[in-house]
Amino acid sequence: MIIAIDCDGVLADFVGGVLDALGAAHTHEDVVCWDIELALGLKRGALAGIVSRPGWVASLRPIDGARDAVDALRAAGHRVVCVTTPWHTSPHWHRERHAWLEREFAFNSRDIVQCGDKSLINTHVLCEDNTRTANAFASRGDRRRAVLIDAPWNRRDAIVAGVTRVASLAEVAR
Ligand SMILES: [Mg+2]
């Protein structure tokens with residue numbers, strides 16, 4: 001199978017990088033909705049300011065267990081591609097994200113897709129932490145399945161038929 005995996009919130013600890021930059025006493029559990037600025041009471045535009053800093057994308061930490069999960073999926077014979085939506089206003093995002101995926105997860109250029117509309121992706125499976133994206137992917141039919149990686153920011157969301165909620169990417173690899 002061809003398995004598409006989202007980056008932020010699935011491979012890369014995006015929220016952790018935001019919390020580090022804020023230096024505030026918040027945790028991942030405080031981000032209870034997709035809108036981080038709303039969840040943490042930040043000023044509008046604060047997030048764009050953080051993620052656009054040079055080196056910020058490159059500094060993100062891989063999510064615990066994600067490397068092993070990707071390795072296991074590859075070892076099982078699946079083609080794993082990363083499909084990630086860039087922060088298009090950041091002048092650094094594309095280049096840093098590409099280099100990060102090569103360095104941290106050994107993706108090659110053929111298997112990295114940076115696009116703003118994941119409904120264009122035609123893989124068998126999409127692993128995501130964004131409920132809206134997962135629901136839209138599965139709703140297209142043609143037997144495509146989405147896997148929603150559980151996170152505090154999607155826990156309250158309803159999922160549609162064709163979407164399975166799992167605790168982590170490791171569960172997909174099992
Ligand atoms: Mg994501």
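1. A residue counts as buried here if 20 or more other C-beta atoms lie within 10 Å of its own. In this predicted model, Ile3 has 21 C-beta neighbours inside 10 Å and therefore counts as buried. Ile3 belongs to strand 1, which covers residues 2–5.

2. The surroundings of Ile3 can be listed in some detail. Leaving aside residues up to four places away in sequence, Ile3 touches Leu73, His78, Val80, Thr123, His124, Val125 and Cys127. The C-alpha atoms of Ile3 and Asn122 are separated by 9.7 Å, although these two residues stand 119 residues apart along the chain.

3. As to the overall architecture, the protein has 7 helices and 6 strands, and its elements, read from the N terminus on, follow the order β-α-α-α-α-β-α-β-β-α-β-β-α. Among contacts between residues at least 6 apart in sequence, 60% join residues that are at least 24 apart.

4. On dimensions, the C-alpha trace spans about 40 × 35 × 25 Å along the principal axes of the protein. A compact globule with 174 residues would have a radius of gyration near 16 Å, and the protein, at 15 Å, agrees with that expectation. Of the 174 residues, 33% count as buried.

5. Helix 6, residues 131–139, deserves a separate comment. Thr131, Thr133, Ala134, Phe137 and Ala138 are buried in this helix, and they lie on the same side of helix 6 because they cover an arc of only 165° around the axis. As background, an α-helix has 3.6 residues a turn, so residues three or four places apart point the same way.

6. Which strands do the buried residues of helix 6 pack against? Their partners are strand 4 (125–128), strand 5 (145–149) and strand 6 (163–166). Val125 and Cys127, which are among the residues touched by Ile3, fall within the range 125–128 of strand 4. Just after helix 6, Gly141 takes a positive phi of about 85°.

7. A further backbone point concerns Ala106, which has a positive phi of about 55° although it is not a glycine. Ala106 is found in the loop between helix 5 (93–105) and strand 3 (112–114). Is Ala106 buried or partly exposed? With 13 other C-beta atoms within 10 Å, Ala106 is partly exposed, whereas Ile3, with 21 such neighbours, counts as buried.

Methods. Residues numbered from 1 in each chain as written. Predicted model: local features only at pLDDT ≥ 70, side-chain atom pairs only at ≥ 80, totals over all residues. Buried ≥ 20, exposed ≤ 12 C-beta atoms within 10 Å, placed from the backbone. Helix = DSSP H or I, 4+ residues; strand = E, 2+ residues; numbered from the N terminus. Arc of directions from axis to C-beta. Contact = placed C-beta atoms within 7 Å. Rg over C-alpha atoms; globule rule 2.2 N^0.38 Å.
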